[in-house]
Amino acid sequence: NQNPAFGIDNDRPGKAVIRMRGGIARWHATTIWHPSQSDVEIEPDEVLERTVEFRSCREFARYLMSMLDGIESIEPRYLCDEVKALAAHAA
């Protein structure tokens, strides 16, 4: 039975809306993070909005860090704040 959310650990689960631009958007338009995700092309071949449930804010934030230069926005706020904290720590 497949879990309906991205991730293996449990930490502040939720549903993310990630808006990506440029090469990151084009690359991820062809990838599947989770079978339950949904994608909307805001601007064809330029801006992709992906909605996906996650089980771990902590784990998903680490994943999003790998593509941060192509991310326009992250919702919910607590996931965005987690990514910002990781970026600040890395700097």
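# Exercises on a predicted model

At 38% relative accessibility, R12 counts as partly exposed, because that class lies between buried (under 20% relative accessible area) and exposed (over 50%), with a 1.4 Å probe and protein chains only. This is a predicted model, in which local features need pLDDT of at least 70 and side-chain atom pairs count only at pLDDT 80 or more, while totals for chains, interfaces and linings use all residues. Residues are numbered from 1 along each chain as its sequence is written, and side-chain values use heavy atoms, with hydrogens and water left out.

## Exercise 1: Overall layout

Give the order of the secondary-structure elements in the protein, and state whether its radius of gyration agrees or disagrees with that of a compact globule.

Step 1. Count the elements: the protein has 3 helices and 5 strands. Helices (H or I, at least four residues) and strands (E, at least two) are DSSP runs, numbered from the N terminus.

Step 2. Read them off from the N terminus: β-β-α-β-β-α-β-α.

Step 3. Compare the radius of gyration, which is taken over C-alpha atoms, with the globule rule of 2.2 Å times the number of residues to the power 0.38. For 91 residues a compact globule would come near 12 Å, and the protein has 13 Å, so the two agree.

Step 4. Along the principal axes, the C-alpha atoms fill roughly 40 × 35 × 20 Å. Buried residues make up 42% of the 91.

Step 5. Look at contacts (heavy atoms within 4.5 Å). Among those between residues at least 6 apart in sequence, 67% join residues at least 24 apart.

## Exercise 2: The nonpolar core

Which residues have the most contacts inside the largest nonpolar core, and which element gives the most to it?

Step 1. Apply the term: a nonpolar core is a set of buried Ala, Val, Leu, Ile, Met, Phe, Trp, Tyr and Cys residues joined through side-chain atoms within 4.5 Å.

Step 2. The largest such set has 19 residues, and I18, M20, W33, F60, L64, I74 and L79 have the most contacts inside it.

Step 3. Trace the elements: strand 2 (14-21), helix 1 (22-28), strand 4 (47-56), helix 2 (57-65), strand 5 (71-75) and helix 3 (77-90) each supply at least two residues of this core. Helix 2 gives the most, with 4 residues.

Step 4. Follow one member. Leaving aside neighbours within four places in sequence, I18 is in contact with W33, L48, E49, R50, F60, L64, I71, S73, I74 and L79.

Step 5. Turn to I71, a residue of strand 5. I71 counts as buried because its relative accessible area is 14%. With the neighbours within four places left out, I71 is in contact with I18, R19, M20 and L64.

## Exercise 3: Backbone exceptions

Which peptide bond is cis, and where in the chain does D45 lie?

Step 1. The bond from E75 to P76 is cis, with omega near 5°. P76 lies in the loop between strand 5 and helix 3.

Step 2. R12 has a positive phi near 50° and is not a glycine. Its place is the loop between strand 1 and strand 2.

Step 3. D45, also not a glycine, has a positive phi of about 60°. The loop between strand 3 (38-43) and strand 4 holds D45, which counts as exposed because its relative accessibility is 55%.

## Exercise 4: A charged residue and a distance

Step 1. D11 belongs to strand 1 (residues 6-11). At 14% relative accessibility, D11 counts as buried.

Step 2. Not counting residues up to four places away in sequence, D11 touches R55, S56, C57 and R58.

Step 3. R62 is in helix 2 and is partly exposed, at 45% relative accessibility.
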